[in-house]
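Please look over the structure below before reading on. This report walks through a few of its local features.

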Amino acid sequence: MKHPSQSDLALYAGGDLAFWSSLALRWHLKTCERCRQQAEAFATLRADLETNVAELPAGMNWAALEAEMRANIRLGLAAGEIAEHTFPGAPEAEIVEQAPPPPARLPVRSLTWSLSAPLLPGVAVLASLSLVVALVWMLSHPPVSYAPQRAQNLNAPVLSAWGPGVEVSYGGAALTLLPPTAKAAGRSVDLGAGARAEYVDAETGQVTIHQVFYGDEQ
Amino acid sequence: MATNSKLALLALAALPLVAQDALDPERAFRVLLPAGAPVSLQSADWDQSKATARGGALLVDLHSTLQLKNESPRRIRAVSLQVVAQEVTPGGKGAVTVPSLDVAPGEAFSVRIDLRLMRPLARAGNALVEVSLDGLLFDDLTFYGPNRLNSRRSLLAWELEARRDRRMLLTILNQGGRDRLQEEMVQASARLTEQSGVELRVARATAEPSGRELAFAFLALPGAPVELNSGTAWVSPGEARAPRIQMTNRSNRSVRAVEIGWIVQDARGRQFVAGALPSEIEIPPGQEAQFARDRTLRFARPGQPPLEISALSAYIATVEFADGEVWVPGRAAPGLSGEMRRLVELYRRHGLASVLAQLQRFQ
């Protein structure tokens, strides 16, 4: 079973997830006890934060808080992407502030009335088809973690033996060496030389070592 | 037709609309092997590779199995390939290394490449990936290759540790029989389980050190040519920053690189081998030197609170002398070597017979 990311769970708990993603996630939560508990934990955390704004509570679940912050950064940067497209050349630091202009509302009522009755079934089929296409698109394109990485990497390159594989990322671009179909047997990072992950194919005994580096520091 | 079936048909009809493109191998990949190299490329299958636009990013997934052939008269023990996508991640590069090989002259072997490139859609540029040879290690411990990623040292250290550990296991087998060898593998398996589960990330430290300054405890390993004298790092929950370590070259030869292994202990006393601090550092015989890195190292355990670091330990993991010789610790080294991790995985899957087969194969 494919589980939603921590970021999506955090956004869902806060009511900030996009409608279709929220629908898919809600469906998943009906059958997944673990994710439901995590979503509830995020909701509790959010409530705690709201009541303890002045002073952060001791024993804070920083991992959960980080996931929520990263998710919100992603939302902000996604808005920034749209703004960048809308206002090319705008300073990057201000992109998040520049929300895109609200889409013009369709004159639904007048459109409906202007359609002749024989066309209505065709419009309904077209609308349904669009819905299905959008759904297929959404399900086959889970959110990627592009934006939060970009947020982290504005100042310095980051080397990670974290999540899937090892990665070097900087300025919104990333090179990730993905795990082969073998078991991860060890991970380490070298302060200076890069991040490293080791995989062992338990069937054949073949070891594959992945490393990423930045600059001339290896 | 039922409504669900209609929806399924509509979904199938819509699938071709997904923006996913197969990549042109001529434009996306290049495998570079120098003329006269001891290995040749037999084939490279990039069929599973694709480019996908998602949100504001372009993702390029590259998957291939490179079939290489040993063209030399010697047995190959390890290979290291450099992976570069200069247009996507300037300054960033990767390496795919396969150690513990035993490839006879004329034999073919495979190296799997699985990578993902991500760049903003708005950024122009080609996603060309170049795979080139960085180094080969033969069974007589000679090395071939440009060594741009310092793979010589790491391949040599791996092979020396592997020989040491296989020799140790053979001694146990000869002296205590299969039961004693099995006991050793069970113990190693338990140690491997203890050490897994920590994820790591390193970045340049961009702010003043915060938290508290913690002194390293040093593990003295017999025969180490370099001695660690003193050192500190700044620690805060889930994070260690800006390590500084003073060391002395106790040998009569110049040292050109030192790798320091370090172990993190949490508040509950559990220890994690966290990684290594490699350093290209010239230390003349009998002289002192300081290792310092302005880096932040973050630890995480998925689904658990940040690691409370209560103690830091360090030991000399590898020393490379100026003449190219590499020293690795004896049996007393903490943690498991890469070869022991490999043998443990084989033992867990196939039992003692597979370990015995490996010991005989490399004898």
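Predicted model: local features only at pLDDT ≥ 70, side-chain atom pairs only at ≥ 80, totals over all residues.

**Strands around S19 of chain B**

Strand S19 of chain B spans residues 309-321.

| Partner of S19(B) | Residues of partner | Sense | Bridges |
|---|---|---|---|
| S12(B) | 212-218 | parallel | 3 bridges |
| S15(B) | 255-266 | antiparallel | 11 bridges |
| S20(B) | 326-327 | antiparallel | 2 bridges |

Individual bridges place residues opposite each other. Phe218(B) stands opposite Ala314(B) of S19(B). Tyr315(B), also in S19(B), is the bridge partner of Gly261(B). Val319(B) has its bridge partner in S20(B), namely Trp327(B). In a regular strand, side chains alternate between the two faces of the sheet.

S19(B) and S20(B) form a hairpin with 4 residues between the strands. Gly324(B) takes a positive phi there, near 95°.

**Helix H1 of chain A**

Helix H1 of chain A runs over residues 6-13 and is mostly covered. Of its 8 residues, 8 are buried. They are Gln6(A), Ser7(A), Asp8(A), Leu9(A), Ala10(A), Leu11(A), Tyr12(A) and Ala13(A). Just after the helix, Gly15(A) takes a positive phi of about 75°.

Why does Asp8(A) count as buried? Asp8(A) has 25 other C-beta atoms within 10 Å, and the cut-off for a buried residue is 20 or more. This aspartate sits in helix H1 of chain A. Ala39(A) is 31 residues from Asp8(A) in sequence. In space, the C-alpha atoms of Asp8(A) and Ala39(A) are 9.2 Å apart.

**Helices H4 and H5 of chain B**

Back in chain B, two helices pack together. Helix H4 covers residues 338-350 and helix H5 covers residues 352-361. Their axes lie 6 Å apart, at an angle of about 140°. H4(B) and H5(B) are therefore oblique to each other, because angles count as roughly antiparallel only over 145 degrees.

From H4(B), the contact uses Leu343(B), Leu346(B), Tyr347(B) and His350(B). From H5(B), Leu352(B), Ala353(B), Ser354(B), Val355(B) and Gln358(B) take part. What is the make-up of this contact in nonpolar, polar and charged residues? The residues divide into 6 nonpolar and 3 polar, with no charged ones.

Technical notes
Residues numbered from 1 in each chain as written. Chains lettered and ligands numbered in written order. Pairing = 2+ DSSP bridges. Buried ≥ 20, exposed ≤ 12 C-beta atoms within 10 Å, placed from the backbone. Axes fitted to C-alpha atoms, helices over the stretch in contact; angles between N-to-C directions. Parallel < 35°, antiparallel > 145°, perpendicular 65-115°, else oblique. Contact = placed C-beta atoms within 7 Å. Nonpolar A, V, L, I, M, F, W, Y, C, P; charged D, E, K, R; others polar.
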